[in-house]
Amino acid sequence: MSRGEASRQSLKWDRVMVAKRLQNSSDWFLALGVLLALLTQLRSNASILGPGEIFLACWLCVQAFQALAGMPAAQGLAPVAIFWGLFAFALCLGLIHSIVSGVPLDSSLVIHDVFADLLLVALCVLLAPVVADQRRLSRLYLRIMTAGVAMLALQLANAAGVFALGGVDPWYWERLRGWTANPNQFALLCLLIGFLALHVAERGSRAGAFAGWACGLLTLASGLLGMSNAYVLVVMLGLGVLFAAKVLRWMAREERRGFPAAWLGVSLAAALLYTGLLLAPHVMSESDLIRSAGGMARDTSKELEDSTVRLMLWRQALKRGMESGMIGYGPGPHLEIPAVVLQGRRAGDLPKNMITPELGLAANFEAHNTVLELFVQGGLLAAGGFLCIVGLAIVRAFRAGFDALAAGLIAINAFGSFHVIFRHPFFWLLMVGALSARSACATSRAKPRPFDDFALLKPMRINQ
């Protein structure tokens, strides 16, 4: 090798090392950005930009710079590109409809939603190099889990009074909200980190599996401090789906080996159901005695009030969406504030750092339901596209054998039936990872087909 070729080879090696180091450090920006974007109390003076958005902007700049040299192909992002194209068309159509029909709009909230959607589009597109490299994606998930559990521990310590953080109130009356805006956002943070940790446990080594299960279950348990009834239901749903998927895969493997796992599973399920029906009256009577003895009679007035407000918002969202001809009204909230909410604000003092919509000329309240909010903004096209891409992500995750990721997406979207989860970058990071799951399975060495495990009883071919 000549001296000139050796120098060119050395220069090429130096460029590769610099690119890897830049990639390694920039992924920390992404990990911290998706986590800190949910911690809205860390923003200064109720600003829409905080440390999370700054970290995400830094990561996007690095990725855009690297993309100029050539972006690796990622088959999983094709549905994302189609969805965002349809979503942008639906929002533009809805905005034109609002302007033509003379619907009053809050320009600041419209601009806020436009910038948030543009940030999500850029994030999903530039995630292509990450999902194309499965080692990099696994390393990113591990970093998010580690940083997320550390941030959660700091929030719990702050709530317990171990240290104080200026301008931050971790309590929403008796409910824990950590450094987020409200307890429901804290519950969503725990939900995202918890099922991501279970996904890391599913893909890691034996030591990594133990750490992932421990972090996941502890994080999901911490979310109970937010006292959200919807959170309890969706966690039970997600863990139930995960358990059922694992049991079905085990049954499929054992059936192929000749063990009657299917009949055993049906028998055990029937026995547990029969035992539960027999013991249910006794358990309910014992719980009533404990409550009456301890004076812990449950006050359901607050729960009924929250349910009433949500039903009012959902009916109003359906009405507004139908009035628009199922076209929508464009970006921004378009619902009126319920009178019950306004009366509750006048009755008592709100906790610190509460950013709540005020009564004005233009409607500025959301539907507290992801699909209905998309229906109001982008009509049937936006809501239908979102449901399709979520269903595709869940199916691809199951086919790739990522049961924890699929169960987590089911639980998170079920939680989105009571809240708006659409604009959180953390949610879209999991979505893109699930959409690329099929290509990840296809590019592995062994090329497994885990989804075939659900074919429990295949006919045997006899060679004659």
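Helix α6 is followed by G161, whose phi is positive, near 90°. Helices here are DSSP runs of H or I with at least four residues, strands are runs of E with at least two, and both are numbered from the N terminus. The model is predicted: local features need pLDDT of at least 70, side-chain atom pairs count only at pLDDT 80 or more, and totals for chains, interfaces and linings use all residues. Residues are numbered from 1 along each chain as its sequence is written, and side-chain values use heavy atoms, with hydrogens and water left out.

α6 spans residues 134–159 and has 26 residues. From its first C-alpha to its last, α6 reaches 37 Å, close to the expected 38 Å at 1.5 Å a residue. The expected span is 1.5 Å times one less than the number of residues. At the start of α6, a side-chain oxygen of D133 comes to within 3.3 Å of the backbone nitrogen of R135.

Two packed helices are described by the angle between their axes and the distance between the axes. Axes are lines fitted to C-alpha atoms, for helices over the stretch in contact, and angles run from 0 to 180 degrees between N-to-C directions. The axes of α6 and α7 (residues 183–203) come within 9 Å and cross at roughly 135°. α6 is therefore oblique to α7. Angles under 35 degrees count as roughly parallel, over 145 as roughly antiparallel, 65 to 115 as roughly perpendicular, and the rest as oblique. The crossing of α6 and α7 is left-handed, a term for a near helix turned anticlockwise from the far one by less than a right angle; clockwise is right-handed. Residues of α6 that meet α7 include L137, Y141, I144 and L152. Their partners in α7 include F186, L189, I193 and V200. Contact means heavy atoms within 4.5 Å. By class, the contact of α6 with α7 has 14 nonpolar, five polar and one charged residues. Ala, Val, Leu, Ile, Met, Phe, Trp, Tyr, Cys and Pro count as nonpolar, Asp, Glu, Lys and Arg as charged, and the others, Gly among them, as polar.

Helix α3 (residues 78–101) packs with α4 (residues 107–126) at an angle of about 165°, with axes 10 Å apart. The two are therefore roughly antiparallel. Their crossing is left-handed. V80, W84, F87 and L91 in α3 meet D117, L120, V121 and C124 in α4. This contact has seven nonpolar, no polar and one charged residues.

α3 also crosses α13 (residues 370–399), at roughly 170°, with axes that come within 9 Å. That makes α3 roughly antiparallel to α13. V80, F87 and L91 are among the α3 residues in this contact. The α13 side includes L374, L381, F386 and R396. The residues divide into 14 nonpolar, four polar and one charged.

R43 lies in the loop between α1 (3–36) and α2 (51–67). Its side chain makes a polar contact with that of E53 (2.7 Å).

Methods
Polar contact = N/O pair within 3.5 Å; in protein donor to acceptor, adjacent residues only side chain to side chain.
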